[in-house]
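Hi everyone, thanks for making time this morning.

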Amino acid sequence: MKSSTGLSPYRQLTKEEEKLVWEKPLSHIESEAENRIYAEVKRNWHSKEMKITNILLEGDAGSGKTQLAKALSADFGLPYTKITCFADMDKSDVLGSILPVLSEDGHSAQEVCYEFYPSEIVNAYENGWLLEIQEPTVIRDAAVLMALNSALEPDGSINLPNRIVHRHPDFIAIITTNRGYNGCRPLNEALRDRIHHTEKMDLPPKAVMMERAIAKTGYSKEDILSLLADMIITLDETAKANAIKGVAGMRSYLFWVDAVANGASLRSSMYYKVIYKITTAPDEISILEQALLSKGLLEQLEQIEAAQSLGQKKQSSDAIELHLSEDGHFYGNEEEISEDSDALRLRKSKDSDSHSDQISDSTIEETKSSDNNENGTPLYHELDGRIPTEQQKQEFRKKINREARESIKNSIHQQIKLIVHRPEVTEENRKTYQKQASALAPIIRELIQKTRPLLEHETATEFSSGQLYGTNFCANRIAMQDFRYFARKRPPEDDPSLAVALRIDESASMSAFGRLDAAKQAAIALYEFCYGCGIPVMIYGDTADRSRMEQMSLYSYVDFNSNNPDDKYSLVSIQGRSNNRDGMAIRIIADRLMTAPEKTKLFISISDGQPKAMPDYTGDLAVTDMKKTLQEYRRKDIHFLAAAIGQDKEIISDIYGKENVLDITDLKQLPARLIQIIARYL
């Protein structure tokens, strides 16, 4: 299919470069992606404006990204090299470093000489090699990504301390990155825009998986290859659906097949070749096992293994064979027994010292976590902590009522009769909460895993002096004869700091069209997400005009100043009640949010309509009050967002500002949208 001359038939490679050109093993099987990329690059290779030289391969671990990059090196006849990016990568890692040159004996000379050592990127860029850039999404420093951007320009150049390097016409950059793993951020938009061709790398079709396994391992039993491929596909789909961060890919499949080909047990090798590579958490293993059981794949595996066991002529050393003679006596001559169908085979019990590869149904049931519900979905654990006494609860309720009344002084709401409730939790609340949290668990866990890297230290702007190499040259260090003439960026000292308040409009209209159910799910998802990420969160509901003695009602469901681990279960008691006096609720909740020590404070309001309460809190009066309240607390560095889930979206947008309103058309998207918004503020 491919020309042996590669892309530039008149180019002569050095002996060192020839060694870098990847040679395809006999077991290599060309994929559709390889053929497609080769054809695209070859077709436009001599075009000045449409030349394809920057390629992105994006997919899960084990999907064959690096193998494809190496195969393209062989197809194009270009030397292959790679760099693996890391979080603290700086410009010196991209361009190279100026380092002192030591004498031949390893000791410093009287006169210290310095030399610039180019990076592997510069070598490939200047000499026209195929460069694989692995995981640029983990890089924290935006300046490093900018350096990569300029290097990927078609007629780009790199400014080095001693010269300017221009892009070789044969240089091809292949970026390989995983999807949604810990530490990985979305690919920089500017970098993605410079890509000329992108491939989404997934597990290949089942037939291709089997073909590759046969070529690489020599194992050719198609029934077993087919079953193992089905199990890999099922495990991969289940891991993604349940936000389990591991991957079942081609590597796992090939090494599993290889183990089976060399006599390993199908069942036991599944764990140490596949499942334990995905996860070792008992609850997650239980989810994967249940997926295989539900599709009957484990049963098929056991049937094949049982058939293999019966078909073996020689038994393992833990089998004792007894033969019954005509006179009723047992004897144990193995040669005679092997040809006698009346031989009685006895195996050691599973209570003996030897290990059994078979796992009984009862064992599978025992591995199920007590935190799983009937369908195997893991429930979230209870918060550690002691339940406050009734006296402590009463004191906290009095405290938040007192502070709420203080918040509305000198406002148009100061004469409004107010009560802040602390809903009691029932056993029914617990069951309902656990059921809803379990249903939301996959998306919550996925978003937690994607967000946790953002909570790690970001790159600091300060520099640490006295380094052997780095990004800044410190001239004042010349007098110090220790060769530490450079400065590198220091690790940061503070974590990103965020506190969140969620306000839910509990007016009667929220009960219509499933709005209240969506708000409940959003509150549960937001709480579990914030708890999983260690973000302080408070969740309040409000309504107005329940009675003449209770003109304003607030419901403190979750408060970060309350030490009650049962608070979260009260979220299921959110309900539509009466009118809504939004400005008053925002003022009280914002004041409570102000008490949080975190630097960034995010206030989210879920509402379906404009403010309206008796006797005259409506229309321009209510809108003006809300705008003034928002403006007042924005000056105090509170960020406001509104999720509009009703018909009055234009009015809500006018009050909060268009840039601060989420227009939620599909209510099922509300929980995920809120969590994604929070992640942006980290």
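Let me begin with residues 457-461, where pLDDT stays under 50. For that stretch the model has 15 contacts beyond four places in sequence. This is a predicted model, after all, and where pLDDT is low, the predicted coordinates should not be read in detail. Across the protein, pLDDT averages 78, and 76% of the residues score at least 70. Residues 1-5 also have a pLDDT below 50, with 11 contacts in the model beyond near neighbours in sequence.

Now, please find helix 20, residues 619-634. With 16 residues at 1.5 Å each, helix 20 should span 22 Å, and its end C-alpha atoms are 23 Å apart, so the two agree. Which residues of helix 20 are buried? They are Ala622, Val623, Asp625, Met626, Thr629, Leu630 and Tyr633. Looking down the axis of helix 20, those buried residues fall within an arc of 160°, so they line one face of the helix. On the other side of helix 20, you'll see Asp620 and Lys628 exposed. And what covers the buried residues? The cover includes helix 19 (582-594), strand 21 (638-644) and helix 21 (649-656).

Last stop, the cysteines. Cys113, at 47% relative accessibility, counts as partly exposed.

Thanks, and I'm happy to go back to any of these views.

Technical notes: Residues numbered from 1 in each chain as written. Predicted model: local features only at pLDDT ≥ 70, side-chain atom pairs only at ≥ 80, totals over all residues. Heavy atoms only, no water. Helix = DSSP H or I, 4+ residues; strand = E, 2+ residues; numbered from the N terminus. Expected span 1.5 Å × (residues − 1). Buried < 20%, exposed > 50% of the residue type's maximum accessible area, 1.4 Å probe, protein only. Arc of directions from axis to C-beta. Contact = heavy atoms within 4.5 Å. pLDDT = per-residue confidence, 0-100.
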